[in-house]
Amino acid sequence: MNIFIKGLPKVELHLHIEGSLEPELMFELAKRNQISIPFTSPQEVKAAYQFNNLQSFLDIYYQGANVLIHEQDFYDLTWAYLLRCQQDNVIHTEIFFDPQTHTARGIAFETVINGIDKALKQGKQELGISSQIIMCFLRHLDQDSAFETLQHALPFKDKIIGVGLDSSEDGHPPEKFTEVFQSAIEHGFLTVAHAGEEGPAENIHNAMKLLGISRVDHGVRCVEDPKLVQQLIDDRTPLTVCPLSNTKLKVFEEMKDHNIVQLLRQGLCVTINSDDPAYFGGYMTDNFMAVAEALPITQEELVKLSLNAIEASFISDNEKQKLTDKVMEFNQEISTASN
Ligand code: ADE
Ligand code: ZN
């Protein structure tokens, strides 16, 4: 199973680039930019990554992002993530970034987007990994700030496929951002939103109704509303599920309690993703492996997870077909070899 999972071509749809900042790079950037951080070694940073809910993680995560200052830093961050993608056989990735985390510290929007974009272009050329960029609004901030961020993004529309909604779900429901999402749609952006991670199924329902979303990020609490589950199945609205994130942030106590296989077997378009791999102990392969070790899942179902992610991605039908062929070829080769 391990060899199968490692080799399986994968597509990632839920990855916060700031959440791929490994402690070693955090230290290097802190030194390079003369930013003081409250840790004396990367080991000490890792030891501090003990979370009991989403907020306890977010507090540390926003602090970590303070070391990112120059375009080169965002490039280095993104390039390091792409090298991990290569190791895990991730063939396409759609990454989130949080502009407000940086613009609030006086970093220009263009510094952030240009650094990320440069690395992604190089990733396509040198590693053959295709990608898209989604910018997220921080939901703990107000809608005016989201509107301001949307204005910042307009000159870079060619680089950004969609907008999303992340940060603290508790107390910041999707309806707080109805107008700015409407405006983003009018400007031609696709939309997604974190919903039903810590918050109730009602947030998923409202994100679908009011924000025009093409995918639900997390969405695991949909099971609390059987009618909503049926709607997700009927519409094939994808869920970008993040297993290691969910156990680290205590959405599920242990991986054996996770509902991903149950959702898959009910016919939902579920996918596996790493969310913030530097903080939650694993990239794509680690997430697939953790699920396969703790839950009853077949090779066929693991392939289905990859095919679901291709179906849910924001690429052309032609590109989707090429990625599907890669997954099916791999599956064929492995089946032939084991017979
Ligand atoms: N930002 C980064 N990771 C997140 C998560 N899992 N939920 C909400 N906001 C986030
Ligand atoms: Zn997330």
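Modeller: The notes below go through the ligand site.
This is a predicted model, in which local features need pLDDT of at least 70, side-chain atom pairs count only at pLDDT 80 or more, and totals for chains, interfaces and linings use all residues. Residues are numbered from 1 along each chain as written, chains are lettered from A and ligands numbered from 1 in written order, and side-chain values use heavy atoms, without hydrogens and water.

Biologist: Which residues surround ligand 1?

Modeller: The shell (a heavy atom within 4 Å) consists of H16, L54, F57, L58, Y61, D166, S167, H194, E197, H218, D275 and D276.

Biologist: Which polar side-chain atom lies 2.7 Å from a nitrogen atom of ligand 1?

Modeller: That atom belongs to D275, and a polar side-chain atom of H218 is 3.4 Å from a ligand nitrogen, while a polar backbone atom of S167 is 2.8 Å from one; polar contacts here are pairs of N or O atoms within 3.5 Å.

Biologist: And how much of ligand 1 does the protein bury?

Modeller: The protein buries 100% of the 260 Å² that ligand 1 exposes when taken alone, with areas from the Shrake-Rupley method and a 1.4 Å probe.

Biologist: Switching topic, where does UniProt place the "binding site" feature?

Modeller: The unreviewed UniProt entry puts it at H14, H16, H194 and D275, and such annotations may be inferred rather than shown by experiment. These positions span 262 residues in sequence, yet no two of their C-alpha atoms are more than 11.8 Å apart, so they gather at one spot.

Note on methods
Polar contact = N/O pair within 3.5 Å; in protein donor to acceptor, adjacent residues only side chain to side chain.
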